[in-house]
Amino acid sequence: KFLHILKPEWITEGVYKVITGKKTANLFGQITISDFKELLQPTNYGEYTYDEKHYGYILKVMEKFELCYTSDDIHLLIPSAFGKVPKVEYADFKGKNIRTYIIQFKDYMPLALIHRYITKKLPQALDNNYWYTGIVIKDSKSKAVAMIHADKEAKRIYVRIKDGNPLVIWEHFRREIAEV
């Protein structure tokens, strides 16, 4: 509350370095706040510098804009750097007992949309099933399990639901994606 930003580029550059850093990519988006020391090092002349006392502020900005998830302000999950391969099989979410809903985008589907949704839903991820373009969640009330994933080329988001009441999880998804 005592930090005032005079140049917005300072925070933008810091957040960008954390999200796109080599270490973040190598760790598939699973980093800790202690990794900020390495990630925020200036690599070129004229880049901004960051003290350890700034790390918490950068983290809170990342959280505010749903660029990462953390439950303890130490361990971070950054969906835009997750691995590309899901831990579950798509075949597990196909067939006659699966209800599939599709959101089709006309011209452009920003991947940031699914990344922000994944960030919001990480606490509900079933068995840590999340990846660059999707997540598997379980609704505690309806007992429905859903695989929600984006297909950038087709400009679609698929919501594949099995078990429980599929309408409950679909309605939650529609409201939350509209908020994002």
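The model is a predicted one, in which local features need pLDDT of at least 70 and side-chain atom pairs count only at pLDDT 80 or more, while totals for chains, interfaces and linings use all residues. Residues are numbered from 1 along each chain as its sequence is written, and side-chain values use heavy atoms, with hydrogens and water left out.

First, the overall layout. The protein chain has six helices and seven strands, and from the N terminus on they come in the order α-α-β-α-α-β-β-α-β-β-β-β-α. Its C-alpha trace spans about 60 × 35 × 30 Å along the principal axes. Of its 180 residues, 44% count as buried; buried means under 20% relative accessible area, exposed means over 50%, and partly exposed is in between (1.4 Å probe, protein chains only). Taking contacts between residues at least 6 apart in sequence, 57% join residues at least 24 apart.

Back to the opening pair. H1 (residues 8-20) packs against H4 (residues 55-64) at an angle of about 80°, with the axes 10 Å apart. Axes are lines fitted to C-alpha atoms, for helices over the stretch in contact, and angles run from 0 to 180 degrees between N-to-C directions. That makes H1 roughly perpendicular to H4, on a scale where angles under 35 degrees are roughly parallel, over 145 roughly antiparallel, 65 to 115 roughly perpendicular and the rest oblique. The contact residues split into nine nonpolar, one polar and no charged. In this sorting, Ala, Val, Leu, Ile, Met, Phe, Trp, Tyr, Cys and Pro are nonpolar, Asp, Glu, Lys and Arg are charged, and the others, Gly among them, are polar. Lys17 also sits in H1, and counts as buried at 11% relative accessibility. Setting aside residues up to four places away in sequence, Lys17 touches Leu39, Leu40, Gln41, Pro42, Thr43 and Glu47.

Next comes the sheet. Five strands form an open sheet in the order S3-S7-S6-S5-S4, with antiparallel pairing; two strands pair if DSSP finds at least two bridges between them. S3 (99-104) and S4 (125-131) stand at the edges with a single partner strand each, so one side of each is left without a neighbour in the sheet. From one strand to the next, the twist averages 15°. S5 (residues 134-138) and S6 run antiparallel and are joined by five bridges, and Val136 stands opposite Met147 in S6. Helix H5 (residues 111-121) packs on this sheet, touching S4, S5, S6 and S7 (156-162), and its direction makes about 30° with that of S5.

Within S6 (residues 145-151) lies Ala150, which is buried, with a relative accessible area of 7%. Leaving out neighbours within four places in sequence, Ala150 is in contact with Met109, Leu111, Ile114, Thr133, Arg156 and Ile157. Glu63 is 87 residues from Ala150 along the chain, and their C-alpha atoms are separated by 22 Å.

H5 itself is mostly covered, with eight of its eleven residues buried; Leu111, Ile114 and His115 are among them. The cover over the buried residues of H5 includes S4, S5, S6, S7 and H6. H5 and H6 (residues 166-179) pack at an angle of about 120°, with their axes 10 Å apart, which makes H5 oblique to H6. In this contact, Leu113, Tyr117, Lys120 and Lys121 in H5 meet Phe173, Glu176, Ile177 and Glu179 in H6. The tally there is four nonpolar, no polar and four charged residues.

Phe28, in the loop between H2 (22-26) and S1 (30-32), is not a glycine, yet has a positive phi of about 50°. Asp73 is found in the loop between H4 and S2 (75-77). Its phi is near 60°, again a positive value in a residue other than glycine, and Asp73 is partly exposed, with a relative accessible area of 34%.

Conventions:
Helices (H or I, at least four residues) and strands (E, at least two) are DSSP runs, numbered from the N terminus. Contact means heavy atoms within 4.5 Å.
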